[in-house]
Amino acid sequence: MNNRIHAPAEPVLAARHFTILLSSTRRGARLARLLAERQLAEWGAESEPALQVVAELAANAVLHGRVPGRDFRLTLRLDEVGVLRMEVTDARGDRHPCIGDPAGDGEESGRGLLLVEAYADGWGVVDGPGPGCKTVWAETTPDRGRP
């Protein structure tokens with residue numbers, strides 16, 4: 001009788017979750033990126049593309065989803081196989097983002113969702129979690145070649 005314990009060939013990772021409310025200001029948007037960077041480093045899942053996505057989603061929440069006196073929420077979920085889901089929830093459920101024509105060559109806006117689309121494996125918008133809110137999400141997978 002053999003009582004040896006066999007270790008799995010690959011380590012099993014537990015799903016991880018991080019969420020925080022931030023002020024709907026430019027400072028809050030910058031803080032979202034910095035906190036995401038710190039959290040991903042703590043999880044050993046550093047990803048410049050993911051940080052770019054968080055920065056764009058947070059900036060959009062502040063610019064297009066702001067309601068005075070209401071915060072936005074950043075949520076990060078890293079699943080067992082390394083898929084990272086980034087969510088930003090704001091208070092403007094009546095304004096859903098869409099990819100339009102980017103601004104002219106000299107403009108500073110109009111390109112954010114194009115960057116999200118380039119860096120993420122998928123993204124979308126869902127209503128809620130409460131009335132009047134929306135959540136914009138994006139997912140990235142490990143080791144995917146990106147621009």
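**Entry 1: contacts along the chain.** I looked up the contacts (heavy atoms within 4.5 Å) in the protein chain, and of those with a separation of 6 or more, 62% join residues 24 or more positions apart. The model is predicted, with local features needing pLDDT of at least 70 and side-chain atom pairs pLDDT 80 or more, while totals for chains, interfaces and linings use all residues. Residues are numbered from 1 along each chain as its sequence is written, and side-chain values use heavy atoms, without hydrogens and water.

**Entry 2: secondary structure.** I found three helices and five strands in the protein chain, taken as DSSP runs numbered from the N terminus (helices H or I, at least four residues; strands E, at least two). Along the sequence I read the pattern β-α-α-β-β-α-β-β.

**Entry 3: H1 and H2.** I noted that the axes (lines fitted to C-alpha atoms over the stretch in contact, with angles from 0 to 180 degrees between N-to-C directions) of H1 (residues 26-43) and H2 (residues 48-64) come within 9 Å and cross at roughly 155°. H1 is therefore roughly antiparallel to H2, a label for angles over 145 degrees. Among the residues that meet are Ala-29, Ala-36 and Leu-40 in H1 and Leu-51, Val-54 and Val-62 in H2.

**Entry 4: the core.** Of its 28 residues, Phe-72, Leu-74, Leu-76, Leu-84 and Met-86 touch the most other members. H2 gives the largest share, eight residues. Of the 147 residues of the chain, 35% count as buried.

Technical notes:
Parallel < 35°, antiparallel > 145°, perpendicular 65-115°, else oblique. Core = buried A, V, L, I, M, F, W, Y, C linked by side-chain atoms within 4.5 Å. Buried < 20%, exposed > 50% of the residue type's maximum accessible area, 1.4 Å probe, protein only.
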